[in-house]
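Please consult the sequence and structure shown here while reading.

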Amino acid sequence: MLIGELARRTGSTARALRHYEQAGLIDSERAANGYREYGESAVMRVRNIRALVGAGLTLEDLRPLLGCLDGDVLSRPPSERVLGIVRERLAVLERRIAAQSDARDRLVAALAAAEGRSGEPVDG
């Protein structure tokens, strides 16, 4: 099937599919006219990629799971390998959230201090 058909069947975009291919998550063959052609198994793989990315994983997180992406990954219990990847991603997100919360708190404190000094706005 051509890229437009795969995009339609998976709710994706051609641009996203090219990105997945560049990341090594899906494969295509080139037709004589240069068009990308995907096998039927690409439909399930792309659906799984989209579901897992939608759940917060990155394309890099999915690379070790290539062998699992051709089946219905969402209907089976996750393996220890998958749980480990999810735990690592969660830890990264928690660190980012903490850093953003700290930055917000510093801005709130700086704003409160600036507003408390004088009624004059600071230009600069």
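A salt bridge is a side-chain nitrogen of Lys or Arg within 4 Å of a carboxyl oxygen of Asp or Glu.

Q: Which residue meets Arg89 in a salt bridge?
A: The cut-off for a salt bridge is 4 Å between the nitrogen and the carboxyl oxygen. For Arg89 in this predicted model, the N to O distance is 2.6 Å. The pair links distant parts of the chain, helix α5 and helix α4, 28 residues apart. The partner of Arg89 is Asp61.

Q: Is Asp61 buried or exposed?
A: Buried means under 20% relative accessible area. Asp61 has a relative accessible area of 11%, so Asp61 is buried.

Q: Which member of the salt bridge between Asp70 and Arg45 counts as buried?
A: The two side chains meet at 2.8 Å, N to O. Asp70 lies in the loop between α4 and α5, and Arg45 in helix α3. Asp70 has 40% relative accessibility and therefore counts as partly exposed. At 13% relative accessibility, the buried member is Arg45.

Q: How far apart are the closest N and O atoms of Arg36 and Glu21?
A: Arg36 belongs to strand β2 and Glu21 to helix α2, 15 residues apart in the chain. Arg36 is partly exposed, with 22% relative accessibility. Between the closest N and O atoms of this salt bridge, the distance is 3.0 Å.

Q: How many nonpolar residues line the largest pocket?
A: The lining has 13 residues, with Val73, Arg76, Pro78, Ser79 and Val82 nearest the centre of the pocket. One lining residue is polar and one is charged. The number of nonpolar residues is eleven.

Key: Residues numbered from 1 in each chain as written. Predicted model: local features only at pLDDT ≥ 70, side-chain atom pairs only at ≥ 80, totals over all residues. Heavy atoms only, no water. 1 Å grid on protein atoms, 1.4 Å probe; cavity = no way out; pocket = protein on both sides within 12 Å on 5 of 7 lines; lining within 4 Å. Nonpolar A, V, L, I, M, F, W, Y, C, P; charged D, E, K, R; others polar. Helix = DSSP H or I, 4+ residues; strand = E, 2+ residues; numbered from the N terminus. Buried < 20%, exposed > 50% of the residue type's maximum accessible area, 1.4 Å probe, protein only.
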